[in-house]
Amino acid sequence: MSKVEISTPGKLMLFGEHSVVYGHPCIVTAVDQRMNVVAEIQENSNLQIIAPEVGLSSYSQDINNLGKNPNIPKGARFVETAVRNFFEKFNMRSGLRIETKSDFSSEFGFGSSSAVTVGVVKVLSELFDVKLKEQELFDLSYKTVLDVQGVGSGFDLAAAIWGGTLWFVGGGKTIIPLGRSSLPIVVGYTGIKADTPTLIRKVEEENRKYPKIIGKIFEAITLITEEAKDVLERRDWTRLGELMNLNQGLLDSLGVNTRELSSLIYAAREAGAFGAKLSGAGGGDCMIALVDSQTRGAVERMIDKAGGKVLQVKTGAEGIKK
Ligand code: PMV
């Protein structure tokens, strides 16, 4: 095969962000906004990357120097590092052209970097006929993310690979599918791009300062996440909404909430949502609100009025596919 195309879903965090970085569980769901990765073998010794959504019209690097350019554009970093790690692990080299195309903006925090990383590793395994089990795909993708940004639990990679809604324990120690049905949520974007590693480091700093207190907050988030798993299975939206509010209060106490997120969260709650919280690292990006068919319209309007942008997404989406 000389050309392969793969698509992977983006994600939304439902419960357990930040504590998952410390080995606790989280619940993540894949969304129907996808990343497309196309790879083609080239008869030269270059890796060419085309990723218009991150402003890369064409970037080229000698395959013998992968990962050695300190000025590599941010948008190419995950692709180039994934290719290097794949070549190193399977002891191969080839000229390549990789093109990525996304349904969603990388500003939303839907996990474009993880979706692209999984997509590149998978596309290469198909292109070079290397059989990779899902766990091996996860491990190589996780190594790539850690090589590039140094921190992260890998939850977003799991969503990109397995899809659906997942119970995920930090580092991928346990991954349990929780079903494929879409949840009745509204997603509001603050218009502010958050930098996940910076927020992880902020929580790290708090944890250094107040290890006992922050440890207890992580434990409380874990109890909420465990309860949410059962409640999600029973589809008890009233209780799930209350758990979202509890989780939000603890994220606020970790210092990752913002005025803009709060404003959208309160707007959603006042419009009748069962509950609302930030989703992901905080500092900006998106919030989610749990609604029913009667309150959806009002919640969407209030989020809009509060300055947010409502994004139409379906959760529980399919994982990696050709
Ligand atoms: O910023 P996002 O949407 O990629 O979410 C980050 C979630 C964290 O728990 C803060 C980090 C992680 O890797 O789990």
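1. Let me start with Asp285, which counts as buried because its relative accessibility is 5%, and the cut-off for buried is under 20%. Keep in mind that this is a predicted model. Asp285 sits in the loop that links β9 (275–279) and β10 (286–290). Its backbone deserves a look too: phi of Asp285 is near 55°, so a positive value turns up here in a residue other than glycine.

2. Then have a look at Asp129, another non-glycine residue with a positive phi, again near 55°. Asp129 belongs to the loop between α2 (112–127) and α3 (134–149). Buried or exposed? Asp129 counts as exposed, because its relative accessibility is 58% and the cut-off for exposed is over 50%.

3. On to the ligand. There are 13 residues around it, and those that come nearest are Lys11, His18, Ser153, Thr196 and Ala281. By class, that shell splits into five nonpolar, six polar and two charged residues.

4. Ala281 comes in through the backbone, with a polar atom 3.2 Å from a ligand oxygen.

5. How much of the ligand does the protein bury? Taken alone, the ligand exposes 380 Å², and the protein buries 95% of that. As for where the ligand sits, the space it takes is the largest pocket.

Terms used
Residues numbered from 1 in each chain as written. Predicted model: local features only at pLDDT ≥ 70, side-chain atom pairs only at ≥ 80, totals over all residues. Heavy atoms only, no water. Helix = DSSP H or I, 4+ residues; strand = E, 2+ residues; numbered from the N terminus. Buried < 20%, exposed > 50% of the residue type's maximum accessible area, 1.4 Å probe, protein only. Near = heavy atom within 4 Å. Polar contact = N/O pair within 3.5 Å; in protein donor to acceptor, adjacent residues only side chain to side chain. Areas by Shrake-Rupley, 256 points an atom, 1.4 Å probe, with all protein chains shown as cover. 1 Å grid on protein atoms, 1.4 Å probe; cavity = no way out; pocket = protein on both sides within 12 Å on 5 of 7 lines; lining within 4 Å. Sits in = over half its atoms within 2 Å of the grid points. Nonpolar A, V, L, I, M, F, W, Y, C, P; charged D, E, K, R; others polar.
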